[in-house]
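Here are my notes on the model, as numbered points you can read with the structure open. Have a look at the spots I mention as you go.

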Amino acid sequence: MRSRYLKTLLFPLIYAAFINGCAPVISEKTLTSVDRAIGFEDLVKEGGKHTGKTVLLGGRILRVENLEDITVIEVLEEILSSRLKPSGPEASRGRFLAEFSGFKDPAVFYPGALITVAGVLKRFEKRILGKAELTYPVLSPVEHHLWSEGYDEGPRIGFGFGISITGD
C-alpha cells in the first residue's frame, strides 16, 4: 500500500520536474510565430525575401554598442541545440545584429556571453570586417535569453542517501 502511494505521489512530481527542465528558453507563444524553416544561411543567401518574418538565431556576443535610443548587439552566429542554446563557434556561418530598444548594460550583455534571440528580420546591413565586406541580418528582438556563464540550465535529477552518527 505504501509503495503504491509513493508511486502515485512521486511520479507526477518527477515528471513535472523533468518536463519543466526540458522546456525551451523562448516561450511557446513566441516560438509559434517563428518560421523554423528559415536558417541563418537562408537569410544571407535570399536577402529581402524573409524581411518581416520572425526567425530564431543565437550565438556569442562580440560587441555591444549603445546608441541614443537603441542598443546594437553584434553576435557570432552558432547552431542552436534542442534547448535553443548556442552550441559552438566552430560551426558559425556568419554574424547578425540584434537591435534592442533602449539601453542594454554591457556588463550584463558582455562580449563572450551566449544569447538566443527570436526576432523580426528588419533589414540587412553591410559592414567591413578586416578587408572583407559582410552582410549582417538585423533583427528586432521579440524575446531573448541570455545564458548564464558556467551553469548548464538542463534538467537536474539527483538521488542520495545520508548517514547520521550521534554521540552521547
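1. Start with Glu74 and its neighbours. Leaving out residues up to four places away in sequence, Glu74 touches Arg60, Ile61, Leu62, Arg63, Arg95, Phe96, Leu97, Arg127 and Tyr136. Glu74 sits in strand β2. Its relative accessible area is 7%, so Glu74 counts as buried, the cut-off being under 20%.

2. A word on confidence before going further: this is a predicted model. The chain has a mean pLDDT of 83, with 75% of its residues at 70 or more. I'd read residues 10-21 with that in mind, as pLDDT stays under 50 there. For that stretch the model has six contacts beyond four places in sequence.

3. Now the overall layout. The chain holds three helices and five strands, and from the N terminus on the order is α-α-α-β-β-β-β-β. Of the 168 residues in the chain, 33% are buried. Taking contacts between residues at least 6 apart in sequence, 62% of them join residues at least 24 apart.

4. Which residues of the largest nonpolar core touch the most other members? They are Leu57, Ile61, Ile73, Phe96, Ile115 and Leu139, out of 18 residues in that core. At least two residues of this core come from each of α3 (40-46), β1, β2 (70-77), β3 (95-101) and β4 (114-129). Strand β1 gives the most, with four residues.

5. Not counting residues up to four places away in sequence, Leu57 touches Phe40, Leu43, Leu80, Phe96, Ile115, Thr116, Val117 and Leu139. Apart from the core in point 4 lies another one, of six residues, including Ile26, Val34, Leu56 and Ala118.

6. Next, the largest pocket, which has about 210 Å³ of space. It is lined by 16 residues, and the closest to its centre are Ile38, Gly39, Leu56, Leu57 and Leu80. Strand β1 (residues 54-66) supplies the largest share of the pocket lining, four residues. By type, the lining residues divide into nine nonpolar, two polar and five charged.

7. Please check the backbone at Leu84. Most residues other than glycine have a negative phi. Leu84 is not a glycine, yet its phi is positive, at about 70°. You'll find Leu84 in the loop between β2 and β3.

8. Last, a loop position with another setting. Asp105 is placed in the loop between β3 and β4. With a relative accessible area of 35%, Asp105 is partly exposed, because that value falls between the 20% and 50% cut-offs. How far apart are the C-alpha atoms of Asp105 and Asn66? They are separated by 8.3 Å, while the two residues are 39 residues apart along the chain.

Key: Residues are numbered from 1 along each chain as its sequence is written. This is a predicted model: local features need pLDDT of at least 70, side-chain atom pairs count only at pLDDT 80 or more; totals for chains, interfaces and linings use all residues. Side-chain values use heavy atoms; hydrogens and water are left out. On a 1 Å grid over the protein atoms alone, a cavity is a set of points where a 1.4 Å probe fits but cannot get out, and a pocket is an open set with protein on both sides within 12 Å along at least five of seven lines; lining residues have an atom within 4 Å of a point. Grid points are joined across faces, edges and corners, and a volume is the space filled by probe spheres set on the points. Ala, Val, Leu, Ile, Met, Phe, Trp, Tyr, Cys and Pro count as nonpolar, Asp, Glu, Lys and Arg as charged, and the others, Gly among them, as polar. pLDDT is the predictor's confidence in each residue, from 0 to 100. Contact means heavy atoms within 4.5 Å. A nonpolar core is a set of buried Ala, Val, Leu, Ile, Met, Phe, Trp, Tyr and Cys residues joined through side-chain atoms within 4.5 Å. Buried means under 20% relative accessible area, exposed over 50%, partly exposed in between (1.4 Å probe, protein chains only).
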